Amino acid sequence: MTSRSLHCLRCARPAEGFDGCRSCAAEGIGVNAMPPLADLGGVDLTGYPGGPWGLPAALPVSGPPVTLGEGNTPLIRLQDAPDRDGGPAGEVWLKYEGGNPTGSHKDRAMAVGVAAAVAAGADTVVAASSGNAGAAAAAYAARAGLRCVVFTNEAVPAGLRAQIDALGAERVVHPGTTADRNAAMARAVQEPGWYPLTSYSAPSPGGNPYANEGYKSVAYELARDIAGRRIDTVVVPTSRADLLAGIGRGFRELAAAGLIAREPRLVAAEAAAAGPFTAALRHPDRADQERTRVAAGPTVAFSLGEERPCWQGLDALWRSGGTAVAVDDEAISAEHRRLAAEGLLLEPSSAVGVAVARTEARTSGALVVAIGTATGLKGLVG
């Protein structure tokens, strides 16, 4: 069973289930309900072995872990480029989540989410996914001996389809929109009672709150591996902001325990074709920000794109004094090529974050970390 109750991040009301806060949804705002922050008092980061299960007491799940060795992903310094005035370039480091077992950051969440499903007595887990979440769900469900159903659409790249199929999931291709796909998943959660690993309700609050706690381990590893130096900014490719919010929660726990001096500023990196956080933060009033809607269009960063900013992401940006930056497809493709020239093949969504991080470092002259969400190898399988 799960060991910590859920409360809405926005209104603090108790909540049940995995469709977010229903009171806030009635206002047209998608808000996730999360467990309380963990107390990291007494933790010694020098002995932290990494990954979500390296600090099991920080997770809201009781029961045995489900793991494939996720976490402890590489931290790589990227090549410097001086700013236009010849001043200090700052430093850009890449936290390469493509080093996880299925090749993306989603493994951290699915390890915890599937463990929560096992603890809840589920026999079937379900995910709606453009690729990476579905592959991770399939892998961890297989590890736990659970049936896995993945709702996808026809636009999922061949390599990701092959990965999901090879890992034994039942892939259901939905011909409609993302909203139609998610509605089909919602019916599967409500009627057969399958355990949801991803978001499915509208307006979207974000993913499974227990699974999302796995992302805190990114912050723990960064604090351990860049010990003694100040991380100024962490740039996160953002769609529903599960990763962004999870990293932010991890840094809040670290700061509360005195394990870091201050929380880094967070930046949501988006594709210009679908940038609700960037659009939201143009409004001076938070009430307008949380009700922002945009028209999401196609982008080379296919795994990014929402019409609304999930409240959990806005909260993470507000708390850290952060911002959001949108990047057009030309800049995304250019950064994708530049990373390849440095020997790094990442998915285009990761290039969004690196492009923004390079600008942040040139502007500030500080140490900036970009989260590289997934390997680009999946896109090469045809």
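Visitor: What counts as two strands pairing here?
Guide: They pair if DSSP finds at least two bridges between them. This is a predicted model, with local features needing pLDDT of at least 70, side-chain atom pairs counting only at pLDDT 80 or more, and totals for chains, interfaces and linings using all residues. Residues are numbered from 1 along each chain as its sequence is written, and side-chain values use heavy atoms, without hydrogens or water.

Visitor: OK, what's the strand order in the open sheet?
Guide: β4-β5-β13-β10-β11-β12, six strands with mixed pairing. Strands are DSSP E runs of at least two residues, helices H or I runs of at least four, both numbered from the N terminus.

Visitor: And which strands sit at the edges?
Guide: β4 (75-77) and β12 (323-327), each pairing on one side only.

Visitor: How does β12 pair with β11?
Guide: In the parallel sense, over five bridges, with β11 spanning residues 265-271.

Visitor: Which helix touches β10, β11 and β13?
Guide: That's α8 (residues 242-256), packed on the sheet against β10 (233-237), β11 and β13 (367-372). Touching means heavy atoms within 4.5 Å. The direction of α8 makes about 175° with that of β11 (N-to-C directions of lines fitted to C-alpha atoms, for helices over the stretch in contact, on a scale from 0 to 180 degrees).

Visitor: What about α11?
Guide: α11 (residues 311-320) packs on the sheet too, touching β11 and β12, at about 140° to the direction of β11.

Visitor: Switching topic: where do α3 and α4 meet?
Guide: N132, G134, A135 and A138 in α3 meet L160, Q163 and I164 in α4.

Visitor: At what angle do their axes cross?
Guide: Roughly 15°, with the axes of α3 (residues 132-144) and α4 (residues 158-166) coming within 8 Å.
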